[in-house]
Number of protein chains: 2
Amino acid sequence: MVMNRKCILRLSRYKNALKRLKALGFVKVFSGNLADAAGVTSSQVRKDFSLFGITGNRRGGYKVDELVLRIREILGKNEIHKVVIIGIGNIGNALLRYKGFETGGIRIVAGFDIDPSRYQPERPVPILPLDEFRSYVESNEIKIGILAVPDVAAHHVSEIMIAAGIKGILNFAPIQLRGADDVVISNINLEVELENLIYFVNVADKSVPALVTEDD
Amino acid sequence: MVMNRKCILRLSRYKNALKRLKALGFVKVFSGNLADAAGVTSSQVRKDFSLFGITGNRRGGYKVDELVLRIREILGKNEIHKVVIIGIGNIGNALLRYKGFETGGIRIVAGFDIDPSRYQPERPVPILPLDEFRSYVESNEIKIGILAVPDVAAHHVSEIMIAAGIKGILNFAPIQLRGADDVVISNINLEVELENLIYFVNVADKSVPALVTEDD
DNA sequence: CAGCTATTGATATATTTTTCACAATAATTC
DNA sequence: GAATTATTGTGAAAAATATATCAATAGCTG
């Protein structure tokens, strides 16, 4: 089965698109509707679905509720997933306070930092010393962590995370971390993204054909 | 010339890798060094370079300083690029205060919001009423904007940005925005990224071969 | 300074990803 | 309820992307 990261990313987008379509009153959708809402082709939608064995009705499309449930199941979103953050600076703090995950089965449960002035162990989402990271992760069976420390610390901290048993890291530090054998790492690099925009805005200025980019 | 978004993203990463290699004392690099540092193959590095007419010396590799300068030139990073943010909530505020752009030629110059309690017009990086967005963008010739408003407002605000003359949008709202003809949009969707990690961590649990993902 | 060696740059090959095309078929119409 | 139509599901084709190969050659060695 040829099923890759991009395909999963699209699955998440389909789920989001479905949420919007549902809010608009859709009870069933056709691959074309979803394609429009998610910004892809209808072939792509059907192909993606076929990879995961998602089926609809010929001529009848897909029932929105069933489809959402099926996608959530594939994405493992029918359970709650606990997530921790290391590095409670600007970005880490913002993510710690970010609302809007919970509906989707993602719950940020704790933050960690080395700076004692940032500790807030009594809060509902506590900010704890980095020293306590490993025991917390182990006793709470955390698998996913967000890394939001300065670049110089990033590699070191990623090793701490992996040693503690974290299996998925969302990395905001501006260095490209590489996953170990059984650890998945997603890198989000704001500067790289902005550089990309700058590049394409510049070439557009030079009247090269317009460009639209997707994330992935 | 087959030059796509991914290729530009890699160019940014090469630049970052070069910065690190330089700090390590490298004066010249071979495609293999860069490949290792950036997590790609050496063929990929040379292919990317050839697309932009970047040349080295056979047997002599590439001179780090020249290479960095050339890449910066291609990315348009030898000038300062002014960036604005709309939506000074958690994320927007964090980005407004984020250090580490300036070295790279990116400067966040102002934030905008509809909530008067957030206005701070006297700060070095002022937070201004959204009403003033258009005139500010026009008189300061801003081309790049970060969109960090709640999902329900995202589409509307993106139209305001485009109407004001913004040509590149970095979108943090959890809906997939689509670019107009001459507007480039990059979507960063935290929930989608986390869902992705969750998926791959889950399949890894089920002892499927290990997966490592790259951003893009 | 002739021969050797490592590396680029370019072309060819392989792989991955997307789109196309259409048979199968479920809903709708008459 | 037969004919028609719209939509899925999938295998084949095309396009895009990445890797491998190798001749050309710049630098190194003795």
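**Entry 1: base contacts of DNA strand C**

I started with A:Arg58 and found a polar side-chain atom of this residue 2.7 Å from a base nitrogen of DNA strand C. The model is predicted, and I read every distance here as a computed value. Next I looked up A:Arg59, where an N or O atom of the side chain lies 3.2 Å from a base nitrogen of DNA strand C.

**Entry 2: a backbone contact**

I then turned to chain B. A polar backbone atom of B:Gly56 is 2.8 Å from a phosphate oxygen of DNA strand C. Which of them gives the largest share? I noted H3(A), with four residues.

I counted 22 residues around DNA strand C, and the nearest are A:Asn4, B:Ser31, B:Arg46, B:Arg58 and B:Arg59. Of the atoms of DNA strand C that come within 4 Å of the protein, 64% belong to sugar and phosphate. I sorted the surface by class and got ten charged, ten polar and two nonpolar residues.

**Entry 3: H1 and H4 of chain A**

I moved on to helix packing. H1(A) packs with helix H4 (residues 64–74) of chain A at about 150°, and the axes are 10 Å apart. Angles over 145 degrees count as roughly antiparallel, so I recorded H1(A) and H4(A) as roughly antiparallel to each other. The crossing of H1(A) past H4(A) is left-handed.

I wrote down the residues that meet. H1(A) brings A:Leu11, A:Tyr14, A:Lys15, A:Leu18 and A:Lys22. H4(A) brings A:Val64, A:Asp65, A:Leu67, A:Val68, A:Ile71, A:Arg72 and A:Ile74. By class I have eight nonpolar and four charged residues in this contact, and no polar ones.

**Entry 4: H2 and H3 of chain B**

How do the axes of helix H2 (residues 31–38) of chain B and H3(B) cross? I found an angle of roughly 105°, with the axes coming within 8 Å. The range for roughly perpendicular is 65 to 115 degrees, and H2(B) and H3(B) are therefore roughly perpendicular to each other.

From H2(B) I listed B:Ser31, B:Gly32, B:Leu34 and B:Ala35 in the contact, and from H3(B) B:Ser42, B:Val45, B:Arg46 and B:Phe49. The classes here are four nonpolar, three polar and one charged. I noted that B:Ser31 and B:Arg46, listed in this contact, are also among the residues that come nearest to DNA strand C.

Notes:
Residues numbered from 1 in each chain as written. Chains lettered and ligands numbered in written order. Predicted model: local features only at pLDDT ≥ 70, side-chain atom pairs only at ≥ 80, totals over all residues. Heavy atoms only, no water. Near = heavy atom within 4 Å. Polar contact = N/O pair within 3.5 Å; in protein donor to acceptor, adjacent residues only side chain to side chain. Helix = DSSP H or I, 4+ residues; strand = E, 2+ residues; numbered from the N terminus. Nonpolar A, V, L, I, M, F, W, Y, C, P; charged D, E, K, R; others polar. Axes fitted to C-alpha atoms, helices over the stretch in contact; angles between N-to-C directions. Parallel < 35°, antiparallel > 145°, perpendicular 65-115°, else oblique. Left-handed = near helix turned anticlockwise from the far one by under 90°. Contact = heavy atoms within 4.5 Å.
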